[in-house]
Amino acid sequence: MRKLVISILVFVLVFSELNVFVAETIVNDPTEPEIECEEQLETDDVENIATECKEPEKENGEDPTTEGEGQPETENSGEDPTTEGKEQPESESGEDPTTEGKEQPEPENGEDLTTEGEKEQEPENGENPSTEEEEQTESETEENLANACENQLETDGEENPATEGEEQQPETDSEKDPEVDCEEEPAGEEKPEIECEEGFYIEEEPAVEGEEQLESNNEEELAVEGEEQLEPNDEEEPAVEGEEQLEPNDEEEPAIEGEKQQAPQCKRAISKLGKGIRLRDVDKIGDIDFSKLDDSENELDGFTQMTENRGVEFKVQGEKERKHYMYFGDVYNGRSIESLEVKNSYKDPEIRDDWGRPLPDMETTLESLVSGKDYINAQTFQVMITLGLDKSSEHGVATYFYSEGRAKSDKKGNGLVIAQGGYQSDVAQFQSVDLPILKLYKNERTKELIAYAAVINDHYTGLYLDGYVKINMRPMSSKGRINVSMKYLKLSDEYEYTNFGYSVHMDIAMKHQESRMYSLGNEKGFYFNQPMIDSRNYLLYFFRDGYENHPVKFEGTDYPVNKRPFGIPENSYYFFNRLNSSPKTNEPGKDVMYPFTDHPGWALRWDPKIQKLNEVRSASIEIAVSETKINDVLPEVQLDNDGEYTEGGYRIGGTWKAPDSEYISLYYTIDGGKPEKIQDFKNVNPDIATPWEFMIPIAEGLDHDVTIYAIDEYDRLSNIETIKLRPTLAITEQVLNEDGNVPTEVAPGETLNYEILVNTGYGMEDKGTYGGVTITQKYDPHLKQPPTDLKITDENDNTIGTVTFNASNNEIVAKPNADLRRSTKVKVTYKAKVKEEATEKEYVRGQAIISGKYSTGDAVNQTSNEVKIMIIGVLKFVSAPQTISFGDKLTISPRTKTYYPIPITLDESLAVKDSRPQSRNPSWTMTAKLIQPLTGKGTGSTLEGFRYRFGENVSFLSTNASVQIYNKKTTNSEVVNISNTWNPDGDGLYLEVLPGTAKVGVEYEGIISWTLHDVQPNE
């Protein structure tokens, strides 16, 4: 029941006459009975132990010269034989003579000495000592300019020849090895002491027996470099005729015979490793620990350690006559197939490669292995095939390294290099040349081949171990594709950044200049298509993406002789001038040939990254060889968009497709954790997407990143799909009326209570905060401005932020405190009154939005449900009289007398309007009650007699109870003027005074309350 109450103040004056008038009227809303109608406002880097032992020096302060440092003059006195792989000591002028792959300093006359790959300076006799290396190897009539020989060292007393291959430079005042007294520790630092044994020997400067010095006007040596030559096997290089070779009995560093001294106990101070570890300080090969390069201690289970270097055969689908091998090192492409089974065939002067070459003995030291130069280089990993020819036919083997499969002919331009620099855009301050294999393993079941190799730093101060590499070759598909995984353990800390480079000077099956390179398009890689003598095609692929740790940049060239992947300070002959250089070669488009037709070559690089001492970095490359064009399609995973949290976890589903795979395994990870298998599948329909569904055991309440991917039987990885699982954010809005109920309709003048509730879904374990999140809502134009009682609170009604009303854009803005934990539930409340002039049948609408970013950086943008309430008609007082007067100078009668009120003006009439929909069958009633009876002013005497007639019914007004004075069933929305019917002959209010009750000279006043009801009172 709803009711509206109006109270009337009645004044009565009596002198000689009875005067009565109404002084005040109070109107009450029908929703609040008896309420007046007036408005209410409310590093650690591992440091190396440096020996504090001072080694004896020669009396003249000079270090002995290493073997191979000086070269004898050839028959042509104007020519200087090439010193391969050696650096030259400084000349008397202090200038550094040319070394292979480095720039030569300027002589005193200002002329530039010859650098590798550049035009060389002519000697005095006018002859050019350098010839193009490429032409020498290709010509059958020309001979190599110089034979590698060992220099004979001679000392005044005892002989101590330097290790072959280790380069030393004469000591100068500015460049000496640091000397620390064995008895003293560096002041100001506490450093751990380790007792060590140092071998002592007397170093005397050996003279090179029979050595002649080359002379030029500027008294500096010219090196013949940059030539592309076929070199004889290192073991069988002939000595220069007439020279005696000084050879130690074994490969170990010789000591003074018969004078092996007891090493004293020395203290070692901690220092940085710098260039790495001197080779003489490295253990025997069998004692070297490679475990940091392995993923697990059982990684080599099923592998066999090899004693000879041979390839591992793997099967290629559809190819029956050719065989495919993964292989390290050189293999001469002129070989017959049957020669691969011949013991020691690598020693054949026509072959001179690495197939069948013995691998290092485990008792051998790294220093003796490197100095002996009888090792296999790991950097030239490759796929080798045997052709479909008679086994005795020559040229039965095909690879792709220049020259004729012997990569060492251009070892600077062939294979993997490890490069280092001080910053990302630095040149290669260090770049490896040789990676001698120390151990080689094969797995006949999985068809894998693993090599462990050393990274040698051939520094001018000596030979250093820069680190170790592990190279794992394994098949990736049945179409001849293999993955080469490279892991590098860094044992130096001179430079912060590390990068990988891989280059090839192409020579497919001795075709060389006929090798043609084509693009796979979209920087996916490139391939070569070469017809072979077995009347089949040879397609060689190098893939640049679609797998982890792939290379990022490619560069091609038409002249790759001795061209290294990266620029170095001493040389400007490179593919990439810096560790992070962008390529100059443009992508020509799929199946379009690159413009390299003379001496085709190329290089790939990875991204330079910071790598600290004892850290491992990984890189990979994938290669394939096939008779037919490969359209390798990797497995593909797609996810549905309807994943959801359930009681058992997060339900996810999608499809996978793998046209080139027989088996598929699906995996997922949570927050980068351990991969978990979803299921193994047999690929019954390779060309059809197979659906799958899985419940990930994960509870809602925290942020999670879930990845889904597939791997086939060749460990080929599909695309990786990532889902960012965030707790379900809920923002809801509701509106209540003044009774606390949810209304569907509202009348003008009524007040609505708004509530916006936010639940982020985060649990108490979450540490994130609301950060920059804001809750906003447009304020409906049907509502009166401004809203009142704006609050933002938590579940305990604590204020947790600010709420403001922006009148300029008619918007409510609530901001939780930035440091408020987002697990807190937020409630925004305010009150708003519907305008009196609000149009019927329109809606009051409300919809909140939460947006911004949490403290974690995750974006938030969600909209609440919309609330809308129809504005309907209302039962209301249109007007009510403020005073009702019964006249002036009324005469007191000796009989009962009836008095009627003076007619009321229209604007103060007692009028009601009911505009409620007719579909609701509206009706209403009005009641009246005396709030204060007619009371004599100053006397306190009362006067009874208020009556109200409605039809046949006459009601007596009293203070005890309300009486119905009017009722009506609404048939239209017209105004009902009740007071307009007040007259002696009709309905209305009147006063009936009994004789003797009115006092002369007394003024009477009273108050009547009118109440409007929207239902019958008895309901």
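Two residues are in contact here when they have heavy atoms within 4.5 Å of each other. With that in hand, welcome to a predicted model, in which local features need pLDDT of at least 70, side-chain atom pairs count only at pLDDT 80 or more, and totals for chains, interfaces and linings use all residues. Residues are numbered from 1 along each chain as its sequence is written, and side-chain values use heavy atoms, with hydrogens and water left out.

**Thr364**
- Setting aside neighbours within four places in sequence, Thr364 is in contact with Lys284, Ile285 and Leu369.
- Thr364 sits in the loop between strand E12 (323-328) and helix H2 (366-372); helices (H or I, at least four residues) and strands (E, at least two) are DSSP runs, numbered from the N terminus.
- With a relative accessible area of 18%, Thr364 is buried (buried means under 20% relative accessible area, exposed over 50%, partly exposed in between, using a 1.4 Å probe and protein chains only).

**Confidence**
- The protein chain has a mean pLDDT of 77, and 72% of its residues reach 70 or more; pLDDT is the predictor's confidence in each residue, from 0 to 100.
- Residues 9-27 have pLDDT below 50, and this stretch has 118 contacts in the model beyond near neighbours in sequence.
- Over residues 29-271 the pLDDT is also below 50, and that stretch has 467 contacts beyond near neighbours in sequence.

**Strand E61 and its partners**
- Five of the six residues in strand E61 (residues 988-993) are buried, leaving the strand mostly covered.
- Strand E53 (residues 897-899) runs antiparallel to E61 and is joined to it by three bridges; strands pair if DSSP finds at least two bridges between them.
- Tyr899 has Leu991 in E61 as its bridge partner.
- Strand E57 (residues 946-950) is likewise antiparallel to E61, with four bridges joining them.
- For Arg947, the bridge partner in E61 is Tyr990.

**Backbone details to look up**
- Tyr402 and Ser403 are joined by a cis peptide bond with omega about 10 degrees, and Ser403 lies in the loop between strand E14 (397-398) and strand E15 (415-421).
- Another cis peptide bond joins Gln785 and Pro786, with omega about -10 degrees; Pro786 is in the loop between strand E42 (774-778) and strand E43 (788-793).
- Asn522, a residue other than glycine, has a positive phi near 55 degrees and counts as exposed at 66% relative accessibility.
- Lys841 is not a glycine either, yet its phi is positive at about 70 degrees; Lys841 is exposed, with a relative accessible area of 66%.
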